[in-house]
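Colleague: I am new to reading structures, and I would like a close look at a single part. Please take me through the aromatic rings and their surroundings.

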Amino acid sequence: MLGLRARAAAQLPRPSSPPSSAPATSLARFARLSPLAALAPLASAPPPPAKARAPPPASLSARWNAPTRLGGTGSSSRPTTRVFCTAASSAQREGKELLVQHLLVGEKDVRLLVDLEKSIIAGGADLSDLAVEHSLCPSKENGGMLGWVRKGQMVPEFEEAAFSAPLNKVVRCKTKFGWHLLQVLAERDQCILQDIDPEELHTKMQDPSFLEEAQLIDVREPDEVAKASLPGFKVLPLRQFGTWGPVMTDEFNPQKDTYVLCHHGMRSMQVAKWLQSQGFKKVYNVAGGIHAYAVKADSSVPTY
């Protein structure tokens with residue numbers, strides 16, 4: 001049971017674009033693929049699953065929406081969208097990312113929802129195991145794991161529930177997709193991912209202290225690096241991701257500013273998104289890659 005959760009936690013959802021303020025509009029958004037999946041075809045071997053342990057529960061009060069019954073009256077077993085819990089308020093989690101898993105059942109499957117919730121609370125069942133067996137969401141293949149999410153990536157009802165829920169406590173909410181049981185496993189400060197213009201990078205690289213303090217990564221292949229390179233960049237070929245990916249946090253400090261470079265900025269963006277999913281706090285993708293750097297910032301660098 002713990003193995004399934006750990007395996008699922010490693011398969012984090014892919015942030016396919018920079019965070020948007022618009023809510024998710026399709027069920028598929030609840031099961032975004034990991035950026036690891038985008039890298040996998042180029043890797044010689046996939047990295048081993050990481051183990052994620054959730055911190056202990058928080059304890060601040062919050063109260064959610066007014067109750068909404070699903071048809072009929074007088075049934076004590078029917079869930080409502082009112083949830084009373086001891087939780088961190090949504091406002092207190094501004095600037096945070098949450099590690100979330102969930103399961104989804106149909107709007108009419110109220111009895112199933114109640115039974116599943118009881119099996120977790122009273123029977124000690126694991127949400128990830130139940131998701132594999134019962135969830136309608138494609139994330140069931142990962143034990144219901146949605147990975148690290150931030151505000152603006154989910155439908156409003158799900159977002160409110162997640163960002164108000166205590167750590168580790170299973171709570172329910174209703175969205176246009178149906179009924180959810182969700183669990184927040186961990187929280188962290190939001191990680192920054194943004195482009196840096198070649199001219200700005202060039203200016204920074206004139207400062208010797210920048211080359212000493214920043215983490216500079218070139219994900220191009222060795223034959224490309226032989227044609228053109230920048231000082232201070234460590235070469236980690238994307239095709240060798242299976243070799244260096246599993247030890248990335250051992251070799252690099254997630255707390256330090258990290259800059260990623262490739263030929264035109266596409267491969268580096270893949271790796272930058274993956275680094276962000278691994279908890280690197282500030283990741284910068286060199287916009288346009290070394291080609292743009294040579295054209296816009298330093299003509300002494302060859303183009304190819």
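Modeller: Let's begin with a term: a charge sits over a ring if NZ of Lys or CZ of Arg is within 6 Å of the ring centre and within 35 degrees of the ring normal. Please keep in mind that this is a predicted model. With that rule in hand, look at Trp148: the charged end of Arg188 sits over its ring, 4.0 Å from the centre.

Are they buried or exposed? Both Phe241 and Trp244 are buried.

Trp244 also forms an aromatic pair with Trp274, again edge-to-face: 6.3 Å centre to centre, with 75° between the planes. Because Trp244 lies in helix H9 and Trp274 in helix H11, this pair ties together parts that are 30 residues apart in sequence. Trp274 is buried, as is Trp244. Elsewhere, ring pairs link Phe210, Tyr259 and Tyr284 into a cluster.

Next, the sheet. Its 5 strands form an open sheet with parallel pairing, in the order S7-S11-S10-S8-S9. At the edges are strand S7 (192-196) and strand S9 (234-235), each of which pairs on one side only. Helix H11 (residues 266-277) packs on this sheet, touching S7, strand S8 (215-218), strand S10 (257-261) and S11. The direction of H11 makes about 175° with that of S11. As for S7, 5 bridges join this strand to strand S11 (residues 282-286), and the two run parallel. You can find Ile192 standing opposite Lys282 in S11.

Finally, a friendly word on confidence. The protein averages a pLDDT of 78, and 70% of the residues score at least 70. Over residues 1-25, though, the pLDDT is below 50. Residues 40-88 stay under 50 as well. Where pLDDT is low, the predicted coordinates should not be read in detail.

Conventions. Residues numbered from 1 in each chain as written. Predicted model: local features only at pLDDT ≥ 70, side-chain atom pairs only at ≥ 80, totals over all residues. Heavy atoms only, no water. Pairing = 2+ DSSP bridges. Helix = DSSP H or I, 4+ residues; strand = E, 2+ residues; numbered from the N terminus. Contact = heavy atoms within 4.5 Å. Axes fitted to C-alpha atoms, helices over the stretch in contact; angles between N-to-C directions. pLDDT = per-residue confidence, 0-100. Buried < 20%, exposed > 50% of the residue type's maximum accessible area, 1.4 Å probe, protein only. Phe/Tyr/Trp six-rings, centres within 6.5 Å; stacked < 30°, edge-to-face > 60°.
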